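Reader: I am new to this structure and would like to learn how to read it. Could you take me through it feature by feature?

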Amino acid sequence: MRQIIILSFLIVSLIISAFFIRLPYTINCSGKILPTREWIVRNADGGDIISVYNNHKTNPVYNFTNYKFDRGEIASFNFNENFEDRITVNKGDTIGYITSFLLSERLTQLKSGLNEEQAYLLALNSGEKSSLIEGAKNQYLLATQKFDQQEKNFERQKKLFDNGVIPEAEYEIALKDYELAKTDIDLAKNNQISLQTGEKPELINYTNVKISSFENEIKLLENKQKQYILIAPFDGKIITKKVALNNPEATTYHIFHLIDTTEYVVLLPIELFQRKYITKDISIEANILQGEQIETGNYIGEDQDVELTGAYKQVFIVKGCLKSSHKEIPYGIYATCTINCGDVTLFEYLKRKLKI
């Protein structure tokens, strides 16, 4: 009887103590460490250039700019010569320039056309009619020659399109060029007639309209050209990410990649059943390079999406900020991480470990 009483007392004591004894509850996982901010400029689809900027700490959505170029365009990226031998960058530094052959060519043509129209207007206002008539004849002759070329090209492209040799897009380009050449020849003819009949006020107004049109298009393209100047959005370090350029399946490669090395974010995949144990009060410890470097951090957010791992486990991503870095962390490294969820009772600890 005495043994039963002692045994009962021990069992009751153990049950009661399970609600008072507290143990630290931790979750272990492998976390990926990234810089808080990164800016990538890359080439995609064999020609377009894409700028991607992301703040992993505060912004879950990428800021994305696509410098898309027309078919047949020759676009390239040139580093600022000051960065040929540098890897550190200051905010506001000009990293490089995207150059567009067609854009530069179009600007040259527009400025040349603007100069011609301004000279033409000056001649109109000065009354030099004979030279104007001669110039109008030359313009009409050039317009006629261009029209003949475009007409032949259009007829050739139409036959190819009808036979299914070329796509509709190329046919439409040829049609557009043909119609534009036809308009130019009409304008040149009307200009010549107007000069010969002496309708000078109408010519002056018409020339002013053309000058205004040239100036507006030049301004528009120059503003576009300014967007092709890439300026660093933060202090950081340029890193390289090698991609096999001779790989026919690789359609994208990095031109340059800038990261902020002053602060880091760790992405932690946590099994779905443990989501209820994650609070804003958790602390994080990242063990980098087998204990060579230990970093501590805190909770800053989590993804709403649930993902499936290779082991068929459902996980969600907890995001933590590493408070301070003793030294630079290799980009994209995986580290053994411990999440401290606070102290819980022995009873609660056993429930969580047994997934009850």
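Author: Take D260, which at 3% relative accessibility counts as buried. Please keep in mind that this is a predicted model, where local features need pLDDT of at least 70 and side-chain atom pairs count only at pLDDT 80 or more, while totals for chains, interfaces and linings use all residues. Residues are numbered from 1 along each chain as its sequence is written, and side-chain values use heavy atoms, with hydrogens and water left out.

Reader: What share of the residues of the chain count as buried?

Author: Of the 356 residues, 33% count as buried. For the surface, accessible areas come from the Shrake-Rupley method with a 1.4 Å probe, and for residues only the protein chains shown count as cover. The chain exposes about 22,500 Å², and 53% of that is supplied by carbon and sulfur atoms.

Reader: How many helices and strands does the chain have?

Author: Helices (H or I, at least four residues) and strands (E, at least two) are DSSP runs, numbered from the N terminus. Here the chain has six helices and 16 strands.

Reader: What share of the contacts between residues at least 6 apart join residues at least 24 apart?

Author: A contact means heavy atoms within 4.5 Å. Among contacts between residues at least 6 apart in sequence, 71% join residues at least 24 apart.

Reader: Let us go back to D260. Which side chain does the side chain of D260 meet in a salt bridge?

Author: A salt bridge is a side-chain nitrogen of Lys or Arg within 4 Å of a carboxyl oxygen of Asp or Glu. By this rule there are 11 salt bridges. D260 meets R37 in one of them, at 2.9 Å from N to O. D260 is in the loop between β10 and β11 and R37 is in strand β2, so this pair links distant parts of the chain, 223 residues apart. R37 is partly exposed, with a relative accessible area of 25%.

Reader: Where in the chain do E348 and K351 lie?

Author: They lie three residues apart in helix α6 (residues 346–353), so about one helical turn separates them. E348 is partly exposed at 22% relative accessibility, and K351 is partly exposed at 29%. Together with R352, E348 and K351 are linked in a network of salt bridges.

Reader: How many aromatic pairs does the structure hold?

Author: Rings of Phe, Tyr and Trp (its six-membered ring) pair if their centres lie within 6.5 Å; planes under 30 degrees apart count as stacked, over 60 as edge-to-face and the rest as tilted. The structure holds three aromatic pairs. One of them is Y25 with Y277: the ring centres are 5.6 Å apart and the planes are at 75°, so the pair is edge-to-face. Y25 is in strand β1 (residues 22–35) and Y277 in the loop between β11 (264–271) and β12 (283–288), 252 residues apart. Y25 is buried, with a relative accessible area of 2%, and Y277 counts as buried at 10%.

Reader: How are the rings of W39 and F256 arranged?

Author: Their centres are 5.1 Å apart and their planes are at 85°, so this pair is edge-to-face. W39 is in strand β2 (residues 37–44) and F256 in strand β10 (residues 252–259), so the pair ties together parts 217 residues apart in sequence. Both W39 and F256 are buried.

Reader: Which charged end sits over the ring of Y277?

Author: A charge sits over a ring if NZ of Lys or CZ of Arg is within 6 Å of the ring centre and within 35 degrees of the ring normal. For Y277, the charged end is that of R352, 4.1 Å from the ring centre. R275 lies over the face of F316, at 4.6 Å from the ring centre. R275 also meets E302 in a salt bridge, at 3.1 Å from N to O.

Terms used:
Buried means under 20% relative accessible area, exposed over 50%, partly exposed in between (1.4 Å probe, protein chains only).
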